[in-house]
Amino acid sequence: MDGIVTEVAVGVKEGAGLETLKEERGKAPGKRGSDELLSGSVLSSPNSNMSSMVVTANGNDSKKFKGEDKMDGAPSRVLHIRKLPGEVTETEVIALGLPFGKVTNILMLKGKNQAFLELATEEAAITMVNYYSAVTPHLRNQPIYIQYSNHKELKTDNTLNQRAQAVLQAVTAVQTANTPLSGTTVSESAVTPAQSPVLRIIIDNMYYPVTLDVLHQIFSKFGAVLKIITFTKNNQFQALLQYGDPVNAQQAKLALDGQNIYNACCTLRIDFSKLVNLNVKYNNDKSRDYTRPDLPSGDGQPALDPAIAAAFAKETSLLAVPGALSPLAIPNAAAAAAAAAAGRVGMPGVSAGGNTVLLVSNLNEEMVTPQSLFTLFGVYGDVQRVKILYNKKDSALIQMADGNQSQLAMNHLNGQKMYGKIIRVTLSKHQTVQLPREGLDDQGLTKDFGNSPLHRFKKPGSKNFQNIFPPSATLHLSNIPPSVAEEDLRTLFANTGGTVKAFKFFQDHKMALLQMATVEEAIQALIDLHNYNLGENHHLRVSFSKSTI
């Protein structure tokens, strides 16, 4: 997949939209300054006559904004935000202001791609404008513009602005650790006071690698992250992450639980941990204590670069101050990374690039073919080319569509058994797999699959992104025609040389789970029977399942 877009949605899930607003009936007299017409709102300003007047507009209003793109004008705690992407949510806009202080009101002008954000203090607004004048804010990969409003206070008609108010109430409840609010659209459990500053994070559908640094960038948006420990449990990537304040943990859980880090995959599942403090022994790629840059890296782990350790030391001198535990205590580079993560722009070092070619060794040279490697590695990405080495037929080069797919295939298939041998999968130094020169017979050892119709991930947002699991004894079968019975499938899979331990049809009989005796048998069955013609123009689809029968 080209150009993976970081998709850290910082909002609660979309609910009902704002009610349709009435058409513009008239214009307010007096100075309007930077602010265009406001949906169902009253703005109080010492510079205008609008303080007693409701002005409405709809999304079709064709008048263009007359202000400048720069962030000038007299400071105000009301900020005018322009050039918003059409599908942006209230919570994403609120999140722009959260690192700088309490957000007290919001008004979205969706038809105009604009919004007004009111912060609790003018000082917070000044800090926000100053920061975003140095670091261009982005939402959904699109630059946006922030400037002071001419108005000193934002008053909204809550009957016309219900959804925005509900989101704001939920965030406010989190910020102040209040008890649940009645009448909000957020579930009560989402706004109960946090018990622990430690979050337990599980990554579902991990199609692309997620690193400790990626988690730090994302979660720093909601407060200073003190410690992170990552590990694998039940074949799932998990992490424990500690904030300095339980309120930060609550805020991050509310905003990020259920959201995807990347498009249609890497879903965050977040709960509070029973732990209240993490004991980190090593600073490396698996664990880190940001308050202790002096910790050793541990045996066999890459040590922290001295420059990074020095940067941590500078950063954490601020973190030690009570009350300074907010993203504003982080140096600009780190704050920019956090803003980038929550603003849906590509994160540095997390791209679809990287080495696309894998070297697979210790293959069973009597059995392996380019087609069998294409089928197995195709579970984790779109295989472009396969070359079994002419002079070393127990080794092969496999070119994936991008570096993240090759990383994923390596993580899941290294150490698995294929045709009775434990295979080794590493990144190759080659950038591409060369095809043989025209007219040269290489005995069918090289095959180009670039235009194969069997690629599972060609379609962006495909549900296949959500069903990527490590090799397991249980297989998921789909595209089963009505005429094929359980006994037919049991016999078919037994003929691959393994033992079928259990079988279960889904309710519609188009899909089923089938359990082999071992993971090795399941791998063999997938290689032999994925895309098997069952008749009636139905080709069987086989993948690994996380379920057991």
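Is Arg200 buried, partly exposed or exposed? Arg200 is partly exposed, with a relative accessible area of 32%. (Buried is under 20% relative accessible area, exposed is over 50%, and partly exposed lies in between, using a 1.4 Å probe and protein chains only.)

1. Some ground rules. This is a predicted model, where local features need pLDDT of at least 70 and side-chain atom pairs count only at pLDDT 80 or more, while totals for chains, interfaces and linings use all residues. Residues are numbered from 1 along each chain as its sequence is written, and side-chain values use heavy atoms, with hydrogens and water left out.

2. Back to Arg200. Its side chain meets that of Asp271 in a salt bridge, at 3.7 Å from N to O. (A salt bridge is a side-chain nitrogen of Lys or Arg within 4 Å of a carboxyl oxygen of Asp or Glu.) Asp271 sits in strand β13 (residues 265-272) and Arg200 in strand β9, so the pair ties together parts that are 71 residues apart in sequence. Helices (H or I, at least four residues) and strands (E, at least two) are DSSP runs, numbered from the N terminus. Asp271 is also partly exposed, at 37%.

3. Another link to look at. Arg288 and Asp213 form a salt bridge at 2.9 Å, N to O. Here strand β14 (residues 287-289) supplies Arg288 and helix α4 supplies Asp213, and the two are 75 residues apart. Arg288 is buried at 7% relative accessibility, whereas Asp213 is partly exposed at 40%.

4. One more pair. In the salt bridge between Lys392 and Asp394, the closest N and O atoms are 3.1 Å apart. Lys392 is partly exposed at 45%, but Asp394 is buried at 17%. By this rule the count comes to 8 salt bridges.

5. Now the largest pocket. Its volume is about 990 Å³. Of its 39 lining residues, the closest to the centre are Met206, Thr232, Gln236, Phe237 and Asn411. (On a 1 Å grid over the protein atoms alone, a pocket is an open set of points where a 1.4 Å probe fits, with protein on both sides within 12 Å along at least five of seven lines; lining residues have an atom within 4 Å of a point. The volume is the space filled by probe spheres set on the points, which are joined across faces, edges and corners.) Helix α9 gives the most to the lining, with 4 residues.
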